[in-house]
Amino acid sequence: MPAREHKSGSDSENDSFLAKRDKNITANKAMLAQLMADLQKMPGSTFLKKAVKQPKEKGSSQRPPRSGTARGESRRNPERATRRMTRSMGGCEDSSDPQERQLELSLEDELLEVRRAPQRRGTPRPSQCKPHVIRPVEEITEDELQLVADNMTEKVYNRDMGSTCHQCRQKTIDTKTCCRSEDCRGIQGQFCGPCLRNRYGEDVKKALLDPEWQCPPCRGICNCSFCRQREGRCPTGILFPLAQYHGFSDVHSYLSSLRNKLKSVEEDIDL
């Protein structure tokens, strides 16, 4: 009997994972279509270049073929014809519209791929993470507020004295946020100035002086690559320039608008 109950429990977990995976794929496909439409509206995009390189013309000074091959016959790997052409190989399946193909490849890699099952966050071992220390507002000094970085050029890397940002994973000496939630742990609540502003539209100085401030992971709105992969989703990539182009101050607001737009479309279809 215990073995049968364990088997039924594992089957239910697999069914729930497959249902969530199908839901994520559907949402990612819809977001891909919306992002492709938005990217095509951006004028003068520098990253929309031709993905397929034109072959160079062979000159008359080409060296003769090696011994063992017939004259005029090139050496070929018999397995290479069956390999999938990727961007690193300089080719694609359909080169009729290279700009659209480049958009499709770059966005599919970031949004469509569901790499693994959602992971449950267990209780970490004491040796695996640093203890979470809730610093009261009274301990925040003016010097620490002055050390908050306004842009990426002000961040100075230091392996020994630096602190790690949860979003960009850079260990720098600038002041980071401090989560006031008791459920927070490790460096989860540390965000640098540029990441908190560009990704969530919040200010580090105001967060440090707010006794009730909680980090994006504790609020369930974190869009970093680790948190999205833990939920079974794919990383968003660098979306701040696109969000700024469409009038949004941060990536979180732009993603929220996309979700609301997709929900409204689904409701109209149901009606």
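Reader: How many salt bridges does the structure hold?
Author: The structure holds 5 salt bridges. This is a predicted model, in which local features need pLDDT of at least 70 and side-chain atom pairs count only at pLDDT 80 or more, while totals for chains, interfaces and linings use all residues. Residues are numbered from 1 along each chain as its sequence is written, and side-chain values use heavy atoms, with hydrogens and water left out.

Reader: Why is the pair R135 and E144 called a salt bridge?
Author: The term requires a side-chain nitrogen of Lys or Arg within 4 Å of a carboxyl oxygen of Asp or Glu. The closest N and O atoms of R135 and E144 are 3.0 Å apart, so the pair meets the cut-off.

Reader: Why is R135 called partly exposed?
Author: Buried means under 20% relative accessible area, exposed means over 50%, and partly exposed lies in between (1.4 Å probe, protein chains only). R135 has 27% relative accessibility, so it counts as partly exposed.

Reader: What makes K155 and D174 a salt bridge?
Author: Their closest N and O atoms are 3.6 Å apart, and the limit is 4 Å, so the pair qualifies. The pair links distant parts of the chain, 19 residues apart: K155 is in the loop between helix 3 (142-146) and strand 1 (163-164), and D174 is in the loop between strand 2 (171-172) and helix 4 (193-200). Helices (H or I, at least four residues) and strands (E, at least two) are DSSP runs, numbered from the N terminus. Both K155 and D174 are buried.

Reader: Which residue does D174 also meet in a salt bridge at 3.6 Å?
Author: The side chain of D174 meets that of K176 at 3.6 Å, N to O. Both D174 and K176 are buried.

Reader: How do you know whether Q167 is buried or exposed?
Author: Q167 has 14% relative accessibility, and the limit for buried is under 20%, so Q167 counts as buried. Q167 is found in the loop between strand 1 and strand 2.

Reader: What makes the pairing of Q167 with Y200 a polar contact?
Author: A polar contact is a pair of N or O atoms within 3.5 Å; within protein, one must be able to donate a hydrogen and the other to accept it, and residues adjacent in sequence count only if both atoms are side-chain atoms. The side chains of Q167 and Y200 are joined at 2.8 Å, so the distance is within the limit. The side chain of Q167 also makes a polar contact with the side chain of N223, at 3.4 Å.
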